[in-house]
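I opened my notebook on a new model today and jotted down what I looked up, one topic at a time. Here is what I was working from.

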Amino acid sequence: MNVLIMGSGRLGARIATLLDAAGHNVTVLDINPGSFRRLPEGFRGSRAVGNGMDGPALERAGIQNMDAFMAVTQGDNRNYFASMMAREIYHVPRVLCRIYDPVREQIFRELGLETFSPTSIGAKIMVEMLLGGEQGER
């Protein structure tokens, strides 16, 4: 699979590493070239410097040939905008978008994006961890 990941922070670099190790063709796009330091030494994928909300930058990163696009920057609005571009303009078959704000995540999901909210999932896990023992005793 050809995958373009927007954002080379902890999550983006980890996803890129896992997909690369599984044999996929990965390109990581980030506005800060220094962020690529998070990629492991043996990373076989490509690195592209640019803003994922900019069509020419996405095209330089090869979005026209991608099977999937993942927006995992720290900015909900950036991730949403770039994801919509990938889906609506470049017709990337799979577009996944990280959204921190649970309210925005629901709105963006209703607009047709595949979203992931670490805030919602993390809260659920923490509550289950806290109450897990109590629920078993009832």
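This is a predicted model: local features need pLDDT of at least 70, side-chain atom pairs count only at pLDDT 80 or more; totals for chains, interfaces and linings use all residues.

My entries below go from the sheet to the helices, then to the packing and a few single residues.

Entry 1: I began with the strands and found six of them in an open sheet, ordered 3-2-1-4-5-6, with parallel pairing. Which strands sit at the edges? I noted strand 3 (46-49) and strand 6 (114-116), each of which pairs on one side only. From one strand to the next, the twist averages 20°.

Entry 2: I then picked strand 1 (residues 2-6) and strand 2 (residues 25-30), which pair in the parallel sense over five bridges.

Entry 3: Which strands does helix 1 lie across? For helix 1 (residues 10-21) I wrote down strand 1, strand 2, strand 4 (68-71) and strand 5 (94-98). Helix 1 runs at about 165° to strand 1. Helix 3 (residues 76-89) lies across strand 1, strand 4 and strand 5, and I have its direction at about 175° to strand 5.

**Entry 4: the nonpolar cores.** I turned to the largest nonpolar core, which has 21 residues. The members that touch the most others are Leu4, Leu58, Ile63, Phe69 and Val92. Strand 1, strand 4, helix 3 and strand 5 are the elements giving two or more residues to this core. Helix 3 gives the most, with four residues. I also logged a second, separate core of 13 residues, with Ala16, Phe43, Met70 and Val72 among them.

Next I listed the neighbours of Leu4, skipping residues up to four places away in sequence. My list for Leu4 reads Thr27, Leu29, Leu58, Ala61, Ile63, Met66, Ala68, Phe69 and Met70.

**Entry 5: aromatic rings.** How many aromatic pairs does a search of the whole structure find? I got one. The ring centres of Tyr80 and Phe108 are 4.1 Å apart and their planes meet at 15°, so I filed the pair as stacked; the cut-off for that label is under 30 degrees. The pair links distant parts of the chain, with Tyr80 in helix 3 and Phe108 in helix 4 (residues 102-110), 28 residues apart.

Tyr80 has a relative accessible area of 21%, so I put it down as partly exposed, whereas Phe108 is at 7% and counts as buried. The boundary for buried is under 20%.

**Entry 6: Ser8.** I went to the loop between strand 1 and helix 1, where Ser8 lies. Is Ser8 buried or exposed? Ser8 has a relative accessible area of 0%, so I marked it buried. What does its side chain reach at 3.2 Å? I found the backbone oxygen of Ser35 there. Leaving aside neighbours within four places in sequence, I have Ser8 in contact with Ala13, Val28, Leu29, Asp30, Ser35, Phe36, Arg38 and Leu39.

**Entry 7: Gly23.** My last stop was the loop between helix 1 and strand 2, where I found Gly23. Gly23 is at 53% relative accessibility, so I noted it as exposed. I also took a distance from Gly23 to Met84, 61 residues apart along the chain: their C-alpha atoms are separated by 27 Å.

How values were computed: Residues are numbered from 1 along each chain as its sequence is written. Side-chain values use heavy atoms; hydrogens and water are left out. Two strands pair if DSSP finds at least two bridges between them. Axes are lines fitted to C-alpha atoms, for helices over the stretch in contact, and angles run from 0 to 180 degrees between N-to-C directions. Contact means heavy atoms within 4.5 Å. Rings of Phe, Tyr and Trp (its six-membered ring) pair if their centres lie within 6.5 Å; planes under 30 degrees apart count as stacked, over 60 as edge-to-face and the rest as tilted. Buried means under 20% relative accessible area, exposed over 50%, partly exposed in between (1.4 Å probe, protein chains only). A nonpolar core is a set of buried Ala, Val, Leu, Ile, Met, Phe, Trp, Tyr and Cys residues joined through side-chain atoms within 4.5 Å. A polar contact is a pair of N or O atoms within 3.5 Å; within protein, one must be able to donate a hydrogen and the other to accept it, and residues adjacent in sequence count only if both atoms are side-chain atoms.
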